[in-house]
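Hi,

Here is the structure I promised to pass on.

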Amino acid sequence: MINAIKMFGATVDMNSAAAYVILIVAMALMLGAIITLLVLMIFSLRKKKEDDVADEPLTEEEQAEEMEEMAAVAAAAAAELPEEESSPAGTLTYDRSFKARFIQSSDEIKQYYVKIKNELLAYKKVGARMSWKRESFYKGRE
């Protein structure tokens with residue numbers, strides 16, 4: 001067993017009052033850290049519960065209207081695409097990334113995409129993964 005510790009150049013006997021004070025301060029610091037972690041965990045759980053509260057579900061009429069609007073926007077975007085030009089070697093196509101296609105899309109398409117993405121990510125354990133061609137969504141390990 002250690003009989004003495006060196007602190008600030010002086011030897012302190014483990015049976016002295018200073019050793020007990022150091023022990024009490026160390027225990028208080030550890031207890032404070034544990035309490036802080038518990039409070040942070042409680043706040044994060046409370047925030048998740050608030051996020052899980054869903055908005056009122058849309059009626060069938062509202063869902064149909066949104067689907068019609070999205071179809072109209074998709075049709076307008078398809079009409080805006082230039083026709084492919086043929087070259088002597090065949091058709092010229094570009095391999096653009098998902099981010100590039102998203103940036104070049106119209107503002108309406110961006111708004112609808114962000115709306116859908118936020119709705120998907122509002123669910124618990126749902127995440128997104130962006131690759132070169134697309135952005136995929138997953139729930140847990142599925």
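Predicted model: local features only at pLDDT ≥ 70, side-chain atom pairs only at ≥ 80, totals over all residues.

Numbering starts from 1 along each chain as its sequence is written, and side-chain values use heavy atoms, leaving out hydrogens and water.

On the fold: the chain has four helices and six strands, in the order β-β-α-α-β-β-α-α-β-β. These are DSSP runs numbered from the N terminus (helices H or I, at least four residues; strands E, at least two).

Now the aromatics. Rings of Phe, Tyr and Trp (its six-membered ring) pair if their centres lie within 6.5 Å; planes under 30 degrees apart are stacked, over 60 edge-to-face, the rest tilted. That gives three aromatic pairs. F98 and Y113 have ring centres 5.7 Å apart and planes at 55°, so they are tilted. F98 sits in helix α3 (residues 98–104) and Y113 in helix α4 (residues 107–121), 15 residues apart. F98 is buried at 14% relative accessibility, while Y113, at 21%, is partly exposed. Together with F102, they form one aromatic cluster.

Last, strands β5 (residues 126–130) and β6 (residues 135–139) pair antiparallel over five bridges; pairing takes at least two DSSP bridges. They make a hairpin with four residues between them, and M130 stands opposite E135 in β6.

Cheers

How values were computed:
Buried < 20%, exposed > 50% of the residue type's maximum accessible area, 1.4 Å probe, protein only.
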